[in-house]
Amino acid sequence: MAWVSTNKDILSLLIALLAILVSLSTALINLRNLRTSSFIAIQKEMLHSEMQRGRLLVYRALATGDTPPRDSEEEYLMVRALAVFDQLGMLSRQGIVPRRWVLRFWHARLQLLKHGFGMEPDPSRPYILQGRPDLQYLIDRAERYQCADTCCAGGRRESRLRAPQRMRRGDQIGPADVEWSPAEGA
Ligand SMILES: [Zn+2]
């Protein structure tokens, strides 16, 4: 007991430090849980069938040059899919979802978007091409993303980053076109 009373200041300091460490680790665990649940929530939205259809329309438009008619259901789906992709970029940029996870899951699709959003510049439809800085932020990082998995093996990454040889529906499909396939995923 004599030791305790002699060193009580040091003991108080140690207990205070321990309390700070426990609080800090609890805060870090809570932050990680919050980021995980935010990632799962946005992934659920991204993988909704409407979003998948919208993205497929974008990839197809990039590959073929065929764009949906103005005010069509397809145009609506494309714009909505791009808006949600932009939202994913914002959440990632703000650190609300881990950028590392976003790039790991989406890098291949983001690399396809390097070639645009499926539309030629059209001043009458600025809502499709303009005002997507957060999506552009993700695309820029996806271009530099290093991946050792099969999605990027055998020249697939380079093929995605290369500008697509545009072809119209009904054209003969050659091996080069198959390499750059919008069916890579949604
Ligand atoms: Zn990859």
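Residues are numbered from 1 along each chain as its sequence is written. Because the model is predicted, local features need pLDDT of at least 70 and side-chain atom pairs count only at pLDDT 80 or more, while totals for chains, interfaces and linings use all residues. The protein has 9 helices and 0 strands, where helices (H or I, at least four residues) and strands (E, at least two) are DSSP runs, numbered from the N terminus.

**Confidence**
- The average pLDDT, which is the predictor's confidence in each residue, from 0 to 100, is 85 for the protein, and 83% of the residues score at least 70.
- Confidence is highest in helix α5 (residues 99-112), with a mean of 96, and lowest in helix α9 (residues 175-179), with a mean of 41.

**Burial across the protein**
- Of the 186 residues, 23% count as buried, meaning that 20 or more other C-beta atoms, placed from the backbone, lie within 10 Å of the residue's own.

**Helix α4**
- Among the buried residues of α4 are L77, M78, A81, L82, F85 and L88.
- An α-helix has 3.6 residues a turn, so residues three or four places apart point the same way.
- After α4 comes G95, whose phi is positive, near 80°.

Conventions: Buried ≥ 20, exposed ≤ 12 C-beta atoms within 10 Å, placed from the backbone.
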